[in-house]
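Reader: I am new to this structure and would like a close look at one part of it. Could you take me through chain A, and then through what lies against it?

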Amino acid sequence: MVEVIFIWIAAGLTLAIFSFLYKDNPFYKVAEHIYVGSAAAFWFLYLWFFDVEPKILGPFKEVFHKYGFSGMWAHFGAEQWILFIPIFLSICMLLRFIPPTAWLSRWAIAFTVGMAAGLGVTGALQGYIIPQTQATLLPLWTGNPLTSFNNLIIVIATLATLFYFFFSKEHKGVLGVFSRIGITFIMIAFGASFGYTVMARVSLLIGRIHFLLFEWLSSFFH
Amino acid sequence: MKKEVPLIITFISGFLLIVALFIPHEPFGSLQERFNDWYIIVSGFTLILGVDSLLLYHWRKIKTKDKDAPYSIILIITFITVLLWGIYSGVKHGNPFAPASTFLRYFYTYMFVPLQATMFALLAFFIASAAYRAFRARGLNATLLLVSAGLVMLGRVPKGEIVVPFFIAITLILIAIIFVLEAVARVSLYERLLYFALALISLIAIIPLSILLREYLPALADWIMNVPQLGAKRGLFIGIWLGAIAMAIRIILGIERTYLK
Amino acid sequence: MREFFERISKIDRRIIYLIVLVGVTIPLLTRKGFEFKPLPEVKNAYNFIENLPEGSNVLISIDYDAASMPELQPLLEVMLRHLFRNNLKVIMMGHWPLGLPLGQIALEKIAKEMDKKYGYDYVFLGYRPGIAAVMLNMGKEIRMVFDVDYKGVPLDSLPMMREVHNYDDIALLIGFEAGSVGDFWVQFAQARFGQKIILTSTAVVTPDLYPYYQAGQIVGLIGGLRGAADYEILVKRKGFAYTGMTAQTVIHVIIIALILLGNIGYFALRRMR
């Protein structure tokens, strides 16, 4: 029974959002605000249940249960003490909400930005640029004319696209020819991406119509 | 102090990871893991950045009795209800998303999911309307984009090859009409003949093109995806990642400081 | 004449919306599917899973949310069924918190259907922030990131996890991708630790993943509803994706017809001016 009520709520919310297609209206606005409000609450739940509880409180649990809050401090090992560094940075992040100490949040942000930059450099270099360059070093004659042709196209497309984005020199002469070939391939690629994007969007609609037809409307017939 | 400390923190954390890639031995290896662990803890707190300004924005709307204040009240009530419901289910089952929790079974499944999914399903309508309105064969590049999109869209769905001859016929007949109109408008006999010939070629081309695509459209879509598309994307992304690396190094060295503002 | 071309180049958007709506609804009601052959990149993914020895661990990462549910959720269910049928063990986690519960829902549903036991045949780890950092540390020791499962149960008290420490103990990683997390999986788990990866993705990101497939950085690529339908054909269980592809064909034809119509109006009016 509860399930049926909630299927009706789900259908109501779905139709409320679809009503936007006719024009902006209060039903849509209500649904939109429910969505934003609940998403905001979700982030707090995630922060607590997947970060604070297991990563920050977890390591202290055992000592706390054994010795209580006042007694646990004397029994901390190196593992526990060292955790105070990220705890301090996390508190710094929260200090953003209090204007006089807001500047301290920069320490935390500096740490996350530095880490993201370091991770980005290593990942891109080791995981994309080097292996993808290696994969482009294809044999241009393989014995099979079709494979050879395809390999040649892959090599030309990769190089020409790269040349197209090479802005340090004016696109004239050989570079000009190459960059024009580049834009041709880029257009083909964007066309393919557009085709796939259409496919994706339509799939989402199929999903919603499927819900309305086979979960909501079919509940009338049970 | 306010500026130097963050710059030093950024430099140390970023530089350490790069060093650890090239020298994965001690102490860099375990230091990297330690830093990663801290990053996992601290970056969780970035999740809630922005939520405060969202709530504050709506709180102000309620206080100033804005005409949209009723919606803001709904947003804040939803926020509090969801938070409390989540905490209740979380305490009861160990996690709000445990299979037995009412939070997952009812709120998430029948309210949050339909809202988010439908919000994005609207895009199907918008993309259809936008494609009709804006997708014009204005020049060589735009035409190329259109043709590639059309071939992939029809080549990747079942039975697309059955309809493709119709589209080819319509397109080529239109091109032929344009050529004929062009020919009529010309004065010199030579140009007229040329345009008539082009119109004729367009009409004749319908038959072989239709037969070929009827047979090989899925294979052609495969080829587009696996050869020219792939090459261009690879070039594009090598460029993008090179740019990202340059940016990351600027950040690590403290040349780029906009994040401190 | 001119009026006619003006009309076909200025159809009201609501009429277009209606055409799209009807174009999706009617094929879904008929529930008919067209025959088609699975793509080679999907077949490779299927074969790789088929050839995994019984009892191997498969890590599944939920990196999408309800916004792309119709593309990935049915595929997730079909794949879980395939994995469990082959007696493979499933470890699930995710990087997209808003969608993580979708993975949980599918996992519980299929496990119940296939009579699989939590802690013995499958485990749900949950989520940790920090994407790339999570991936790197999991390469050393999963417990550094997830020392407990999503409910706070220590990993060592879950029988199937006792021998699982890092990527060496995971035969295959399947990433369900709606954004750039798939790139990170390849760049960190594959490039640094040699993890075998299959990416299943929404159609929006699929074209960008082809370079990984050609370079051998991933062993299979299952893209969009078409990829999901291919997989349904391969496991001989045609369902949502397979019948959905009929509606997909209809809408694609409608959209191309609309583009053509728009262009006819555009060229005719340009000539008349």
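Predicted model: local features only at pLDDT ≥ 70, side-chain atom pairs only at ≥ 80, totals over all residues.

Author: Taken along the principal axes, the C-alpha atoms of chain A fill a box of roughly 75 × 65 × 40 Å. Of the 222 residues in this chain, 42% count as buried, and, among the contacts in chain A between residues at least 6 apart in sequence, 20% join residues at least 24 apart.

Turning to the neighbours of chain A, we can begin with chain B. The contact between these two chains takes 92 residues from chain A and 91 residues from chain B. On the side of chain B that touches chain A, at least two residues each are supplied by helix H1 (4–22), helix H2 (28–43), helix H3 (51–63), helix H4 (69–93), helix H5 (102–134), helix H6 (140–155), helix H8 (189–226) and helix H9 (228–252) of chain B. H9(B) gives the most to this side, with 20 residues. Sorted by class, the side of chain B that touches chain A has 68 nonpolar, 18 polar and five charged residues.

Helix H7 (residues 173–216) of chain A packs with helix H4 (residues 69–85) of chain C at an angle of about 70°, their axes being 8 Å apart. Since angles from 65 to 115 degrees count as roughly perpendicular, H7(A) and H4(C) are therefore roughly perpendicular to each other. From H7(A), the residues that make the contact are A:Ala200, A:Ser203, A:Leu204, A:Ile206 and A:Gly207, while H4(C) brings C:Met69, C:Pro70 and C:Glu71. By class, the contact of H7(A) with H4(C) has five nonpolar, two polar and one charged residues.

Along its principal axes, the C-alpha trace of chain C spans about 80 × 35 × 35 Å. Buried residues make up 60% of the 273 residues in chain C, and residues 24 or more positions apart account for 73% of the contacts in this chain with a separation of 6 or more.

The six strands of chain C form an open sheet in the order E3-E2-E1-E4-E5-E6, with parallel pairing. Its edge strands are strand E3 (122–127) and strand E6 (220–223) of chain C, each of which pairs on one side only, and the twist averages 15° from one strand to the next. Within this sheet, strand E1 (residues 57–63) and strand E2 (residues 89–94) of chain C pair in the parallel sense over six bridges; in E2(C), the bridge partner of C:Ser61 is C:Met93. Helix H5 (residues 100–113) of chain C lies across E1, E2 and E3 of chain C, and H5(C) runs at about 170° to E3(C).

How values were computed. Residues numbered from 1 in each chain as written. Chains lettered and ligands numbered in written order. Axes fitted to C-alpha atoms, helices over the stretch in contact; angles between N-to-C directions. Helix = DSSP H or I, 4+ residues; strand = E, 2+ residues; numbered from the N terminus. Parallel < 35°, antiparallel > 145°, perpendicular 65-115°, else oblique. Contact = placed C-beta atoms within 7 Å. Nonpolar A, V, L, I, M, F, W, Y, C, P; charged D, E, K, R; others polar. Buried ≥ 20, exposed ≤ 12 C-beta atoms within 10 Å, placed from the backbone. Pairing = 2+ DSSP bridges.
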